[in-house]
Amino acid sequence: MEEKKNLVGGISRKTLERLPMYHHYLERKYREGTETISAPAIALDLQLNEVQVRKDLAMVAKTAGKPKLGYVVKDLIRDMEEFLGFHNTNQAALVGVGSLGKALLSYKGFEQYGVEIVLAFDSDGRRVNTKTGGKPVFPMDKLENLCRRMNIHIGIITVPAEYAQEVCDRLVGGGVRAIWNFAPTHLTVPDHVLVQNENMAVSLAALSKYLYEVDKEGGQWTEEEDN
């Protein structure tokens, strides 16, 4: 089935979700000394459809791959970083300064990917008007106003599932157009808003299932292609 083109510039959400995977893979290959790489090789290593990989790379690469050689890895990484906006810092707001929220606020690695968490919000009076990871924590009643005033376009949700949709609605009301959701629940958003879900419980369950199947099969893990 052809992917729905529902992002600016005709880029599908699925394509956008794959690009960070390509970037991580290409950086690893570059560190290993790989200078050129082809779309079929990438598709094989990442277990993706070759035609889809070619289409994805054609969207970001400024120079087409050469026959038999493919793309210059260093140049493809650079083009991908430029396409993803790694060098254009976007400011983000985080909602929910619990254990996970504190960890994200204290993490310094986001800026190399063009994202800077500049402020946070929480409903707990003991946390507001303090700083976590050097970032100020504000009360929830200031969320929409501050997001609009500071032109915040990325919202990070680290609240319990039962509060996530309300927080999401308020972020969207404050002008946020992209949401990184850590709450284990589905969010309903307008068409112009992108949601990236990080369900750590499901990921952990998948790892547990993997170990169970490996043990059951005597140390072997077999993968089947999706139908």
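Does Thr 132 count as buried or exposed, and at what relative accessibility? I looked this up in a predicted model. At 14% relative accessibility, Thr 132 counts as buried, because the cut-off for buried is under 20%.

**Thr 132, surroundings.** I placed Thr 132 in strand E5, which covers residues 131-132. I then listed its contacts, leaving out neighbours within four places in sequence: Val 97, Lys 102, Leu 105, Ser 106 and Val 137.

**Whole protein.** I counted 8 helices and 9 strands in the secondary structure. Of the 227 residues, 37% are buried. I also checked the contacts with a separation of 6 or more: residues 24 or more positions apart account for 53% of them.

**Helix H3.** Which residues of H3 are buried? In this helix, residues 50-60, I found Val 53, Asp 56, Leu 57 and Val 60. Looking down the axis of H3, I noted that these buried residues fall within an arc of 95°, so they line one face of the helix. Lys 55 and Ala 58, on the other side of H3, are exposed.

I next looked up what the buried residues of H3 pack against. The partners are helix H1 (13-31), helix H2 (39-46), strand E2 (71-72) and helix H4 (73-84). At the start of H3, I found a side-chain oxygen of Asn 49 within 2.9 Å of the backbone nitrogen of Val 51.

**H1 and H2.** How do the axes of H1 and H2 cross? They come within 12 Å and cross at roughly 105°. The two helices are therefore roughly perpendicular to each other. On the H1 side I listed Met 21, Tyr 22, Tyr 25, Leu 26 and Lys 29 as making the contact. From H2, the contact residues are Ala 41, Ile 42, Asp 45 and Leu 46. Sorted by type, the residues of this contact come to 7 nonpolar, no polar and 2 charged.

**Glu 111.** Where does Glu 111 lie? I found Glu 111 in the loop between helix H5 (99-106) and strand E4 (115-122). Not counting residues up to four places away in sequence, Glu 111 touches Phe 86 and Glu 116. I also took the C-alpha to C-alpha distance from Glu 111 to Gln 91: the two are 9.5 Å apart in space and 20 residues apart in sequence.

Technical notes. Residues are numbered from 1 along each chain as its sequence is written. This is a predicted model: local features need pLDDT of at least 70, side-chain atom pairs count only at pLDDT 80 or more; totals for chains, interfaces and linings use all residues. Side-chain values use heavy atoms; hydrogens and water are left out. Buried means under 20% relative accessible area, exposed over 50%, partly exposed in between (1.4 Å probe, protein chains only). Helices (H or I, at least four residues) and strands (E, at least two) are DSSP runs, numbered from the N terminus. The arc is that of the directions from the helix axis to the C-beta atoms. Contact means heavy atoms within 4.5 Å. A polar contact is a pair of N or O atoms within 3.5 Å; within protein, one must be able to donate a hydrogen and the other to accept it, and residues adjacent in sequence count only if both atoms are side-chain atoms. Axes are lines fitted to C-alpha atoms, for helices over the stretch in contact, and angles run from 0 to 180 degrees between N-to-C directions. Angles under 35 degrees count as roughly parallel, over 145 as roughly antiparallel, 65 to 115 as roughly perpendicular and the rest as oblique. Ala, Val, Leu, Ile, Met, Phe, Trp, Tyr, Cys and Pro count as nonpolar, Asp, Glu, Lys and Arg as charged, and the others, Gly among them, as polar.
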